[in-house]
Amino acid sequence: MMRKVWILSLLTAILVSLSIFTFNIFGREDNQGPKDDAAQLSEKIDKVLKNQEDIIARLAEIRQELDVIRVRASAR
């Protein structure tokens, strides 16, 4: 009988500690708040805008190269 009580109390202590640990871990994710979401969204938007600026710059370079090719082709 004492053995069953001891095992039951051990399992209860393990269950309580795991539940507290789980609530702490998932509580951090839920408590980020709208400010963190807005900051992450802002970072993503900045990254996309930077990529678009890089693409536009590359297209301008390609257009200049194309103009040079056209001039060389018309000289022949």
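Glu61 pairs with Arg58 in a salt bridge, and their closest N and O atoms sit 3.2 Å apart. A salt bridge here is a side-chain nitrogen of Lys or Arg within 4 Å of a carboxyl oxygen of Asp or Glu. Side chains of opposite charge can pair when their charged atoms come close.

Before going on, a word on the model: it is predicted, so local features need pLDDT of at least 70 and side-chain atom pairs count only at pLDDT 80 or more, while totals for chains, interfaces and linings use all residues. Residues are numbered from 1 along each chain as its sequence is written, and side-chain values use heavy atoms, with hydrogens and water left out.

Let's start with the overall layout. The chain has two helices and zero strands; both kinds of element are DSSP runs numbered from the N terminus, with helices being H or I of at least four residues and strands being E of at least two. Of the chain's 76 residues, 0% count as buried. Buried means under 20% relative accessible area, exposed means over 50%, and partly exposed is in between (1.4 Å probe, protein chains only).

Now back to the charged pairs. How many salt bridges does the structure hold? There are three, and here they are:

| Salt bridge | N to O distance |
|---|---|
| Asp54 and Lys50 | 3.4 Å |
| Glu61 and Arg58 | 3.2 Å |
| Asp67 and Arg70 | 3.9 Å |

Asp54 and Lys50 both belong to helix α2 (residues 33-75), where they are four residues apart, about one turn of the helix. Asp54 is partly exposed at 41% relative accessibility, and Lys50 is partly exposed at 44%.

Glu61 and Arg58 are three residues apart in helix α2, so about one helical turn separates them. Glu61 comes out partly exposed at 39%, and Arg58 is partly exposed at 42%.

Asp67 and Arg70 lie in helix α2 too, three residues apart, about one turn of the helix. Is Arg70 buried or exposed? At 54% relative accessibility, Arg70 counts as exposed, whereas Asp67 is partly exposed at 38%.

Finally, the nonpolar patch. Trp6, Ile7, Leu10, Leu11, Ile14 and Leu18 make a nonpolar surface patch of about 600 Å². Patches take residues with over 30% relative accessible area and no salt bridge, joining like charges within 9 Å and nonpolar side chains (Val, Leu, Ile, Met, Phe, Trp, Tyr) within 5 Å. Ile14 is found in helix α1 (residues 2-30), and it is partly exposed at 40%.

Key: Areas by Shrake-Rupley, 256 points an atom, 1.4 Å probe, with all protein chains shown as cover.
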